[in-house]
Amino acid sequence: MSEDLFRYVLRLGDLSLVLGQRLGEWVGHCPALEEDLGLANIALDLIGQARLLLSYAGEVEGRGRGEDEMAFLREHGEYLNAILAEQPNGDFGQTIVRQVLIDAFQLELYQRMVTSTDERLAAIAAKSVKEIQYHLRYSSAWLVRLGDGTEESHARVQNSLQALWPYTVEFFAEDELDRAMAERGVAPRLAEVQAAWAARIDAILAEATLERPAHRPHSWHGKRGQHSEHLGYILAEMQHLQRAYPGARW
Amino acid sequence: MNSPAPVTVSVRASTDVDRRLALAWAALASVEDPEIPALSIVDLGLIRCVTPRSDGGFDVGLSPTYVGCPATEVIRRSVEEALKNAGVGEFAVTQVLSPAWSSDWISEEGRRKLASYGIVPPDRSVSSMREVLRGGRPVACPRCHSIDTQCVSEFGSTPCKALHRCRACLEPFEYFKCI
């Protein structure tokens, strides 16, 4: 039972951590200072969520591992984030597409988790959802600007949408763990989250004059620890210091 | 003869607790937000409780504004230091997440201090999701009070602020976001 909860909390925490780390790569490279600030602040919120979730996962596990051990000393196959989070930043438009898809997912998920039977998750969800609203406001405003912008910007974000869309299937592919969590009232039903997510995404895409790609069946298993090659590079950079100098502190 | 004794003791104990409680609040009110030094953490509504324990110590509940805000760690250390220096006795600082901190909890005094520091205080009670996602009402310029302003960046120098610009007086200014 607590093994289930442990793995479920890691799924949530790893999604935030990996996406936060990805966004951090933009610092100093954004098209404008304001976007540098925007993406860095969103990354910071995501790392904050990850800290709360990974600390909690460590407590649930009960083997004395804290947030740092979880983030810096777990291997590739122990990370349980959905694969979309680890996809490369690409151009600014591609980062924005990835961000909209994940922001809307987190928003609909956490909004329904504030009534979780797990009090700690309910508290983390209630806190996070307030911040995620601002993330989606930022990312969706940019998607509308780029989609309904020039021919060039429209084509670029439409292509990114085409490329990234298949990864969203994994969010809603309910497995035994998702079912167990929903039955215990820890997490909402994924079908419910999916319906709300799709409605929200459709509205944003319509405003952005973008076409929703056709559904293609896929079987990604990041949530079970099977990742794309990209995660290895992210971990190599993120974990290098703790691996080279175990226990190093600021 | 025995009966009054416990009463006396408990009265003395409670005055001592009250005295230390007052010391604790005074110490907390002196802790500044490292990013907005004009404001104390009490003005910001970050102190959720100072509860006397049966063993004579205090439990202090502290909330983060944003979960990733780097100031959170600094604030926690400053709180511990201030309480230690004030000599309030034993205490433990814990993080309180629920209910989540809201910008509505910034005190009147805090709002006044924010404004005089040049930061527009948060709009009140618009923390409904629809309102946030749609984008807020126009924010008046803190210098010339024109509402002909524009949001330059949703995110500013700290997670809690957005960058705006006044089209009338052309000055940039910061807005404390409603959360």
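This is a predicted model: local features need pLDDT of at least 70, side-chain atom pairs count only at pLDDT 80 or more; totals for chains, interfaces and linings use all residues.

Me: Okay, why is Thr209(A) called exposed?

Reply: It comes down to counting neighbours. A residue is buried if 20 or more other C-beta atoms lie within 10 Å of its own, exposed if 12 or fewer, and partly exposed in between, with C-beta atoms placed from the backbone. Thr209(A) has 12 other C-beta atoms within 10 Å, so it counts as exposed. Its phi is near 55 degrees, a positive value in a residue other than glycine. You'll find Thr209(A) in the loop between helix H9 (190-207) and helix H10 (229-244) of chain A; helices (H or I, at least four residues) and strands (E, at least two) are DSSP runs, numbered from the N terminus.

Me: Why are H1(A) and H8(A) called roughly perpendicular?

Reply: Look at the crossing angle. Axes are lines fitted to C-alpha atoms, for helices over the stretch in contact, and angles run from 0 to 180 degrees between N-to-C directions. Angles under 35 degrees count as roughly parallel, over 145 as roughly antiparallel, 65 to 115 as roughly perpendicular and the rest as oblique. The axes of helix H1 (residues 2-24) and helix H8 (residues 176-183) of chain A come within 10 Å and cross at roughly 110 degrees, and H1(A) and H8(A) are therefore roughly perpendicular.

Me: Which residues make that contact?

Reply: H1(A) brings Asp4(A), Arg7(A) and Tyr8(A), while H8(A) brings Leu177(A), Ala180(A) and Met181(A). Being in contact means that the C-beta atoms, placed from the backbone, lie within 7 Å.

Me: How do you know that E2(B) and E3(B) pair?

Reply: Count the bridges: two strands pair if DSSP finds at least two between them. Five bridges join strand E2 (residues 58-62) of chain B to E3(B), and these strands run parallel. For instance, Asp59(B) has Ala92(B) as its bridge partner in E3(B).

Me: Then what makes E1(B) an edge strand?

Reply: The open sheet has three strands, in the order E1-E2-E3 (chain B), with mixed pairing. Strand E1 (47-52) and E3 of chain B each have a single partner strand, so one side of each is left without a neighbour in the sheet. From one strand to the next, the twist averages 15 degrees. Helix H2 (residues 71-86) of chain B packs on the sheet, touching E2 and E3 of chain B.

Me: Last one: how many residues does each chain give to the contact between chains A and B?

Reply: Chain A gives 22 residues and chain B gives 18. On chain A's side, H5(A) gives the most, with twelve residues.

Conventions:
Residues are numbered from 1 along each chain as its sequence is written. Chains are lettered from A and ligands numbered from 1 in the order in which they are written. Two residues are in contact if their C-beta atoms, placed from the backbone, lie within 7 Å.
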